[in-house]
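Visitor: I would like to go through this model term by term. What do the words rest on?

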Amino acid sequence: MTANAVLRVDELCIHVDGQPVVSDLCFHVAAGERVCLLGPSGSGKSLTAGAILGLSPRSVQVDGSVCINGVEVADIRATRRPMQSRSGMVFQDTHSALNPLVSVGAQLREPFMRFHGLSRKSAMEAAMAMLRGMNIERADEVMQRSPAELSGGQRQRICMALALACKPALIVADEPTTALDVLTQQEVLKLLRECTGTHDTPALLFISHDIGAACRLCERAVIIDDGRLVESNTLTHIIANPQHHFSRQLVRALRESAPGMPPYAADFDAREGLLCTA
Amino acid sequence: MHGLASGEAPLLCATGLYKHLHSPSLAFWRARTARTILRDINLSIQPGERIGLAGVSGAGKTTLLNLLLALKGADAGTITCQGRAVRPASVRALRWYRRQVQYIPQDPASSLDPRMSVRDLIREPLVRLNVVDNHTRRIDEALDRVGLDQTLLRARPAALSGGQAQRVAIARAVALRPRLLLADEPLSGLDLPVRARVMQLFDDMSCLDGTAFLIISHDLSVMPRLCERTLILHDGAIIEDRPTTALFETPKHDHTRALVRAAYQDHAITAMVPAPAAPSLYPVL
């Protein structure tokens with residue numbers, strides 16, 4: 001199981017201006033697995049994501065080992081990493097993830113031309129197919145637009161398409177649903193679930209503070225608090241029996257997510273909560 | 001339609017609001033195209049009533065909020081507060097309205113002036129709106145209501161946690177003793193104990209002082225606890241306006257049904273995994 005780990009983080013320590021923020025973090029993501037990194041704000045989730053992706057700013061000092069597809073990449077910046085150790089990324093802020101001056105189509109055909117060596121025309125067609133796969137209506141019209149003209153949900157789906165277009169072995173999604181409304185959140189989670197986590201699709205590291213979304217997407221969770229790993233288990237296990245103070249708080253929040261709500265509406269099937277089980 | 005039954009004049013009444021958005025004539029793409037953001041919004045709020053306004057992003061929640069706060073004018077329709085017409089005007093001309101209707105922003109961390117202390121932040125609206133009363137007493141009272149410590153009075157917003165900043169923003173509104181509070185996502189980003197405290201505060205204010213609330217959220221799951229009545233805004237129109245429980249039990253519109261389902265989702269997950277037998281696992285925080 002651990003032999004085919006796509007991502008292996010070992011004794012990761014992160015210092016910001018000399019202050020330790022993350023210490024001795026160890027976890028792995030196996031091929032085709034979906035793992036969630038949960039933690040309160042300020043616990044070092046995004047710094048960990050930055051270290052994994054090679055996007056840490058210069059003021060951040062990263063020690064320890066980050067191994068993607070067997071390549072040690074902790075000291076290599078994102079743009080200098082060898083091809084097989086590059087991972088896809090999806091962020092919360094879609095405005096800054098996309099180039100505001102270039103149309104969606106031109107941005108989306110880029111990976112097809114660069115990584116898969118397609119001609120401009122067939123890259124455009126592949127990009128279009130990709131957008132349709134992301135449930136975007138009127139894909140040809142969306143391709144002409146600039147990112148600022150689209151809704152947040154559409155932009156997030158385009159970011160996911162971009163991440164998937166390179167066919168990476170791993171996708172790191174840092175709070176991809178936080179800025180979206182409930183219905184769009186559902187849709188983005190559903191797409192992420194469909195596009196990741198099988199043997200021929202990328203593995204997923206989902207970083208969030210929303211345990212509800214994590215349950216609907218991932219099988220396993222790694223919970224950190226104050227830069228230290230406090231719990232690592234399957235989500236079913238954590239919900240049934242949370243150990244650490246912070247995980248208890250999370251599960252409590254989940255159980256009391258809707259105070260005063262009437263019992264399930266007549267036609268509501270509880271299974272639609274979709275707890276992913278390993 | 002709701003309010004007038006009680007015979008009392010509604011606190012706030014909006015009739016036939018329309019708002020169109022025109023892209024600027026100089027925009028080189030799609031010049032002068034118009035889009036209707038709000039269509040035929042009718043809404044009346046009684047004293048002490050708590051109303052939820054839910055809708056997905058792009059439904060027009062913020063535009064409606066801007067109209068109700070008299071920050072922008074409607075293209076058609078009127079808003080009246082206790083029988084008196086409200087329309088965007090100078091700060092001076094709207095003082096009476098600002099004393100009645102206050103706003104709690106969604107993101108307090110960015111809406112509080114970083115250079116001002118908590119005391120000045122809470123005092124500012126009292127001074128600007130010419131409230132004739134003992135300001136220090138009002139500030140102390142407001143702090144007490146939101147459960148903040150007196151020692152925080154000298155702190156600057158940067159030193160506050162998210163929950164504290166949210167409560168300072170609430171205290172700023174509460175200090176004016178408004179008749180209506182418009183709250184934009186008041187519970188998002190708060191942890192459970194602070195959430196419970198804010199909900200309790202809203203309960204007290206509406207029961208004891210008769211303050212009315214309009215609570216705006218994209219997530220229906222906060223509504224049953226907070227609001228007796230919920231409006232669903234979809235594509236610029238109010239598609240449902242019913243008591244919250246009725247809305248949850250028999251959603252009429254497909255869009256409402258989707259929102260109700262989404263609200264149940266998190267809860268459904270825990271229903272699938274039973275809680276451990278020992279209740280002591282969940283200490284009361």
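Guide: Start with pairing: two strands pair if DSSP finds at least two bridges between them. Strands are DSSP runs of E with at least two residues, helices are runs of H or I with at least four, and both are numbered from the N terminus. This is a predicted model: local features need pLDDT of at least 70, side-chain atom pairs need 80 or more, and totals for chains, interfaces and linings use all residues. Residues count from 1 along each chain as written, chains are lettered from A and ligands numbered from 1 in written order, and side-chain values use heavy atoms, without hydrogens or water.

Visitor: How do you know that β9(B) and β10(B) pair?

Guide: Count the bridges. There are six between β9 (229-234) and β10 of chain B, in the antiparallel sense. Two would be enough, so they pair. Leu231(B) has Asp241(B) in β10(B) as its bridge partner.

Visitor: What makes β6(B) and β10(B) edge strands?

Guide: The open sheet runs β6-β7-β8-β3-β9-β10 in chain B, with mixed pairing. β6 (101-104) and β10 (237-243) each have a single partner strand, so one side of each lacks a neighbour in the sheet. Neighbouring strands here are turned by 20 degrees on average, direction ignored. Axes are lines fitted to C-alpha atoms, for helices over the stretch in contact; angles run from 0 to 180 degrees between N-to-C directions.

Visitor: Which strands form the antiparallel open sheet of chain B?

Guide: Four strands, in the order β2-β1-β4-β5. β4 (76-81) and β5 of chain B share three bridges. Cys81(B) is partnered with Arg84(B).

Visitor: What makes β1(A) and β2(A) a hairpin?

Guide: β1 (5-16) and β2 (19-30) of chain A pair antiparallel over eight bridges. Two residues lie between them, and Asp17(A) in the turn has a positive phi of about 50 degrees. Leu12(A) stands opposite Leu25(A).

Visitor: Which residues line the second largest pocket?

Guide: Lining residues have an atom within 4 Å of a point. There are 28, with Ser87(A), Met89(A), Phe115(A), Leu162(A) and Cys166(A) nearest the centre. α3(A) gives the most, five residues.

Key:
On a 1 Å grid over the protein atoms alone, a cavity is a set of points where a 1.4 Å probe fits but cannot get out, and a pocket is an open set with protein on both sides within 12 Å along at least five of seven lines; lining residues have an atom within 4 Å of a point.
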